[in-house]
Amino acid sequence: MPKTQSPPAHPEWYRLALHDRAEILRGLRSLDRGPLREGKVHRVRTACRRLQALLDLLGRERDAQAVARAAGRLSKIRALHVFRHYLRSRHASRNDLALLKDRILREVTRVRVDGTCTTIVQVINNHITLPDLGSDTLLAARIPLLRDRQLERLRMMIDDAEHRPRRKNLHALRLLIKQIRYQTEWLSRRKGIHSEFVGRLKTVQDQLGRYEELADFKRWAKKWDLRMERQIKKQWKRARRCARTLPHRLNWLPETLSREAAWGGGNGRRELRLG
């Protein structure tokens, strides 16, 4: 009898995508049945963002947008969790913490009533379908085009943020940098290398994100009349100054992306092979 050939093994990035998908569904079922714990909410949103970046790499923009909208349904509860951690780390008054606890409970109720977890499960099942997630051949063919597209967008957004450092422009730049970071992680895993570029992207993302977070904290502190309002406003002003001057120091970013080995560039000196 002729020997049956085993199906070709999926690449590592594909197996990791399946793991992320399973983690999202498992986490959402847990959140739907139990408390909306900070760590679980964060892990679900992070896995959604990673898969969103992968779908965009594979040319499935509509699916990527659907996953992004789904993850956004948990954005406010995540932001409130971060705010609670911020207040606790600065020894906020019991009154401030009690007010925030009430707001968190209101948001938890909204998430339950709206069926948010069920909706996200449906989106994941409908838009991250198996086994046709995508092929390594397709991904490899798209990398040069995607690199050029991201380079063009990056240069344009850095220029916009440098000349018009409004919160909207800085926020758009941060989202693009986050997307490039996740995509670089996928492509690095595909090549079996460790990219130092990912860490540099994360540093820039965090600096811009700090301003974004404190802007929300300042708005909530004023709206809810928190005693920490004055302190938050001072920190927000410092974060705003930092975020507004940051684009002037990002000339290295497009150049580094163009040479990044994970994206098909020749910057092998900065890469360490895994294993």
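Is R210 buried, partly exposed or exposed? R210 is partly exposed, at 30% relative accessibility, where buried means under 20% relative accessible area, exposed over 50% and partly exposed in between, with a 1.4 Å probe and protein chains only. This is a predicted model, in which local features need pLDDT of at least 70 and side-chain atom pairs count only at pLDDT 80 or more, while totals for chains, interfaces and linings use all residues. Residues are numbered from 1 along each chain as its sequence is written, and side-chain values use heavy atoms, with hydrogens and water left out.

R210 forms a salt bridge with E213, with 3.9 Å between the closest N and O atoms; the term requires a side-chain nitrogen of Lys or Arg within 4 Å of a carboxyl oxygen of Asp or Glu. The two residues are 3 apart in helix α9, so about one helical turn separates them. Helices are DSSP runs of H or I with at least four residues, numbered from the N terminus.

The whole structure has 19 salt bridges. One of them joins D136 to R190 at 2.9 Å between the closest N and O atoms. This pair links distant parts of the chain, 54 residues apart, with D136 in helix α7 (residues 136-163) and R190 in helix α8 (residues 167-191). D136 is partly exposed at 29%, as is R190 at 25%. D63 and R60 also form a salt bridge, at 2.9 Å, but here D63 is buried at 17% and R60 is buried at 16%.

Disulfides, pairs of cysteine sulfur atoms within 2.5 Å, number 0. For C48, the nearest cysteine sulfur, that of C117, is 10 Å away.
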